[in-house]
Amino acid sequence: MSMLGVEGVVSGYGEMEILHDVSIRVERGEVVSIIGPNGAGKSTLMKTIFGLLTAQRGRVLFAGQEITHLPPEQIVRRGLCYVPQEDNVFPSLTVQENLEMGAFIRDDDYRSRIEEVYDLFPDLRDRRGTRVGKLSGGMQQMVALGRALMLDPQMLLLDEPSAGLAPLFVELIFERIRAIKRQGVTFLIVEQNARKALENSDRGYVLVEGRKRLEGRGQAMLADEQIGQLFLGR
Amino acid sequence: MVELVGYGLVLGSILTLGAVGLTLIYGIVRFANFGHGDLMTLGAYLALLLTVRIFPALGVLDRRLGSLSFGWVMLVSFVPATLVTGLVAAGTDRLIYRRMRRLGVSPVMLAMASLAMAFILRSLIYILWGPDFHFYTPGLRPMLMLPLGLKLRPDQIFIIVTSWVLVIALYVFLQRTKMGKALRAMADNPDLARITGIPTEQMTTWTWIIGGGMAAAGGILLGIDSQVRPEMGWILLLPLFAAVILGGIGNAYGALVGGLVIGVVQQVSTQWLMPAYKPAVAFAVLILILLFRPRGIFGGS
Amino acid sequence: MEIIRILHFLAGFAVMASIYAIFALGLNVHWGYTGLFNIGIAGFFAVGAYVSALVTSPLPTGVRADYVQQAIGLNLPFPVGVIAAGLISGLLAIVIGIPTLRLREDYLAIATIGIAETIRRVFNNERWLANGPQGMVGLAQPLADLLPRRYYNFVYLAIVLAVLVVVYMALERGIRSPWGRVLRAIREDEVVAEAAGKDVFRFKMQSLVLGAVIMGLGGALYAHSVRAIQPSVFTPLFGTFIIWVMLILGGSGNNKGAVAGAFIVWGIWSGTGYFIDRVIPVAWAARAPFIRLLVIGLLLVGILLTRPQGILGEEKQVSRMM
């Protein structure tokens with residue numbers, strides 16, 4: 001049984017269909033990336049999985065259970081968390097408060113969890129009392145990721161985690177993703193930076209104009225000529 | 001002039017209670033609640049009902065508190081009056097605004113609905129109590145002479161103190177409690193709040209309860225200071241919005257300052273203009289802010 | 001004989017309904033066409049009424065001058081008053097528009113409330129202007145001698161209907177013109193319209209002025225219908241809110257809707273007045289208007305919840321052309 005299964009999903013905005021019959025799967029413990037050109041529907045896929053958009057056809061299964069028509073509030077309780085591409089922090093709250101908000105639906109003592117998140121992102125510990133709006137883009141991305149980790153999720157959906165970040169931070173973010181993976185979290189990542197994504201992924205999918213075009217193991221896709229020309233700038 | 005500033009602080013404290021509630025609601029539901037003034041009026045009338053009818057009918061004997069114009073019955077009445085007003089506010093959200101939100105209407109239509117609610121509330125008050133003025137307690141109120149040439153009644157000191165107490169309580173709530181932080185988060189980024197799992201509809205209901213409750217408290221204080229009449233809250237709508245915009249929409253601390261500033265500016269203006277123009281003065285301040293610093297002095301959402 | 005009396009009474013109803021229909025058409029230009037959230041209609045209403053009153057009335061003389069103050073009294077004929085009302089109202093719109101038209105929707109709404117309130121307070125407190133709270137009385141009645149006095153409603157109705165028809169047809173032409181299409185585009189998405197190279201501010205200003213002129217005309221017609229005006233008439237309730245209910249109920253973005261909404265809501269207002277006055281005990285007579293206000297308020301909320309596009313909905317014609 002896959003951690004996440006997307007079967008024949010058709011989705012979009014209003015009458016505009018963006019995803020036409022997309023099927024992917026993510027196995028437990030994997031990092032899977034979805035790459036593709038702008039407007040391919042990568043973000044739409046994320047939002048559909050997480051319940052921000054309703055699939056018009058098809059199914060989404062998480063840990064064997066159907067979550068197709070569930071709203072985000074309930075999906076989050078099942079162990080699937082989402083980090084949007086933009087506006088993914090609470091700017092007027094402090095780092096500490098952002099993390100606390102991540103744990104809002106927990107009714108146990110989550111203080112040890114906050115410390116674990118600070119262990120993953122030591123830079124944030126130094127800045128726990130700073131308003132997040134004042135932090136750099138890279139720091140904010142760390143806060144966004146940390147916030148999503150507060151619920152001890154089984155799986156994370158990341159929408160373009162490297163968007164707008166300096167190369168140093170891009171490397172840092174992906175390194176942290178690897179570290180979190182080692183703790184047993186499954187990842188589905190949507191990325192513009194195809195090279196970085198595939199380098200850090202077990203498997204990848206190529207999405208073009210709302211359809212799955214290619215799939216394969218991360219390293220194999222990196223070496224593939226076709227993908228190289230289209231996305232890796234060769 | 002000192003007297004004017006003093007009285008301006010009293011009125012400003014009343015405005016602050018209304019403005020803080022209004023800005024909280026504005027930041028969460030993202031439309032201008034034109035019914036806010038009438039929530040203040042409702043609170044004042046509920047307190048009137050309790051102190052003048054219900055408690056005496058229950059045989060409760062009141063006793064004046066020191067040199068204040070009212071007794072402990074009024075203090076007790078604060079609680080149910082603010083609570084009921086808060087529930088009425090939350091009720092209108094559940095029954096009306098939430099349904100309209102689900103239909104996906106624009107914020108303008110929600111504001112229009114709140115304008116309708118303003119008239120509905122006011123007409124209910126006219127129907128139930130009539131158009132006359134009422135007083136919580138009849139009789140003259142003596143002045144206290146204070147340093148710096150300030151002349152304030154004991155009632156007015158009570159108003160300022162109560163207003164500050166409530167605002168500080170709100171501050172503690174927003175900064176230290178889980179729900180308060182969640183409200184601030186929602187005002188920052190409502191979509192992310194949803195994604196995080198924060199129950200946004202529940203939080204919205206609480207915002208209306210708190211905002212409505214604070215408005216009611218302001219209305220009662222206004223009634224203590226002057227009199228209780230059906231238009232009392234509606235007249236404050238312009239100064240309330242001026243205070244909210246001055247402080248930055250969604251910014252509760254900005255609304256605190258905004259309320260006091262508008263109160264003082266309005267009162268000081270009576271040195272040169274007729275008192276009837278006070279709302280026009282508030283309006284002039286509002287236009288100036290919108291033209292030169294639309295995000296308010298402290299910045300808002 | 002009896003029939004004529006009933007018809008005359010209905011004509012009186014139709015006069016007021018038609019005047020409000022003119023206001024609703026003006027609001028339709030602002031809100032229905034351009035998306036300007038104007039809750040200060042009462043301001044243009046008041047200005048139109050007072051300008052016409054001041055232009056058509058003589059300055060008080062003799063004993064009257066002890067009791068009545070007026071800034072001007074030109075004693076000019078009725079048509080001049082009406083036209084002046086429209087013009088000054090339009091000028092006021094220009095003055096108001098310059099600082100406020102660039103504001104976002106809810107700020108514009110708050111600003112318009114402020115303007116209307118300020119105007120009302122100015123008329124109320126500056127006695128030298130138009131006699132303060134007592135207002136002006138004995139306003140001119142155009143064509144008063146055309147028919148016997150007891151049939152005057154028919155005469156005035158003809159006048160009001162003439163204006164209504166002219167305004168209606170002008171707006172129907174306007175909305176189908178290129179100008180009208182730009183207004184619609186601005187209402188749909190200002191950013192896109194701006195990107196398409198349209199001077200959004202100029203179009204909004206034109207719309208504001210046009211709507212204001214129409215409201216000014218309505219104000220003048222109102223003044224000469226009731227023949228006595230005071231600042232307490234131009235309240236947010238009667239001068240603004242009820243017109244919004246009319247437009248939303250009839251269908252904003254639809255001129256027929258504006259007119260229909262005016263007649264329906266005025267009918268409800270008059271109808272509830274008629275019945276409540278009969279049913280209500282004398283002691284409660286002062287509260288009767290508020291029961292009617294409650295009905296109107298609930299009506300608006302009901303419409304917003306169940307059919308926000310109004311009875312007739314928006315006119316499809318223009319959208320098709322775009």
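Modeller: One definition is needed at the outset: a residue is buried if 20 or more other C-beta atoms lie within 10 Å of its own, exposed if 12 or fewer, and partly exposed in between. Please keep in mind that this is a predicted model.

Colleague: Is Arg30(B) buried, partly exposed or exposed?

Modeller: Arg30(B) sits in the loop between helix H1 (2–29) and helix H2 (36–57) of chain B, and its phi is near 65 degrees, a positive value in a residue other than glycine. Most residues other than glycine have a negative phi. Because 16 other C-beta atoms lie within 10 Å of Arg30(B), the class that applies is partly exposed.

Colleague: Which loop of chain A holds Ala63(A)?

Modeller: Ala63(A) is a residue other than glycine with a positive phi, near 50 degrees, and with 17 other C-beta atoms within 10 Å it counts as partly exposed. Its place is in the loop between strand S4 (57–62) and strand S5 (65–66) of chain A.

Colleague: Which strands are the edges of the open sheet in chain A?

Modeller: The open sheet has four strands with antiparallel pairing, in the order S2-S1-S4-S5 of chain A. An edge strand pairs on one side only, and in chain A this holds for strand S2 (16–26) and S5.

Colleague: Which residue in the turn of the hairpin formed by S1(A) and S2(A) has a positive phi?

Modeller: Strand S1 (residues 4–13) of chain A pairs with S2(A) in the antiparallel sense over seven bridges. Within this pairing Leu4(A) stands opposite Val26(A), while Ser11(A) stands opposite Leu19(A). The hairpin leaves two residues between the strands, and the one with a positive phi, of about 60 degrees, is Gly14(A).

Colleague: Which chains have the most contacts between them?

Modeller: Chain A and chain C can be set aside, as they do not touch and their nearest C-alpha atoms are 17 Å apart. Among the two pairs of chains that touch, the most contacts are between chains B and C.

Colleague: Which helix supplies the largest share of the side of chain B that touches chain C?

Modeller: The contact takes 34 residues from chain B and 33 residues from chain C. On the side of chain B, helix H3 (72–103), helix H4 (107–129), helix H9 (237–247) and helix H11 (278–292) each supply at least two residues. By class, this side has 31 nonpolar, two polar and one charged residues. Its largest share, 14 residues, comes from H4(B).

Colleague: Where does H3(B) bend, and why does its length agree with what a helix of 32 residues should span?

Modeller: At 1.5 Å a residue, the 32 residues of H3(B) should span 46 Å, and its end C-alpha atoms are 46 Å apart, so the two values agree. Just after H3(B), Gly104(B) takes a positive phi of about 80 degrees. The bend within H3(B), by about 40 degrees, is at Arg94(B).

Colleague: Which residues does Leu260(B) touch, beyond those up to four places away in sequence?

Modeller: Leu260(B) lies in helix H10 (residues 252–269) of chain B, and it counts as buried because 22 other C-beta atoms lie within 10 Å. Gly248(B) is twelve residues away from Leu260(B) in sequence and 14 Å away in space, C-alpha to C-alpha. Not counting residues up to four places away, Leu260(B) touches Leu9(B), Gly12(B) and Thr16(B).

Colleague: Which residues touch the most other members of the largest nonpolar core?

Modeller: Ala242(B) touches Ile262(B), Ala282(B), Phe283(B), Val285(B) and Leu286(B), residues up to four places away in sequence not being counted. Of the 275 residues in the core, those that touch the most other members are Ala242(B), Leu286(B), Tyr20(C) and Ala24(C).

Colleague: Which residues is Ile243(C) in contact with, leaving aside its neighbours within four places in sequence?

Modeller: Ile243(C) is found in helix H11 (residues 236–250) of chain C, and with 30 C-beta neighbours inside 10 Å it counts as buried. Its C-alpha atom is separated by 26 Å from that of Arg202(C), which is 41 residues apart from Ile243(C) along the chain. Leaving aside the neighbours within four places, the contacts of Ile243(C) are Tyr20(C), Phe23(C), Ala24(C), Leu27(C) and Ile41(C).

Note on methods
Residues are numbered from 1 along each chain as its sequence is written. Chains are lettered from A and ligands numbered from 1 in the order in which they are written. This is a predicted model: local features need pLDDT of at least 70, side-chain atom pairs count only at pLDDT 80 or more; totals for chains, interfaces and linings use all residues. Two residues are in contact if their C-beta atoms, placed from the backbone, lie within 7 Å. Ala, Val, Leu, Ile, Met, Phe, Trp, Tyr, Cys and Pro count as nonpolar, Asp, Glu, Lys and Arg as charged, and the others, Gly among them, as polar. The expected span of a helix is 1.5 Å times one less than its number of residues. The bend at a residue is the angle between axes fitted to the seven residues ending there and the seven starting there. A nonpolar core is a set of buried Ala, Val, Leu, Ile, Met, Phe, Trp, Tyr and Cys residues joined through C-beta atoms within 7 Å. Two strands pair if DSSP finds at least two bridges between them.
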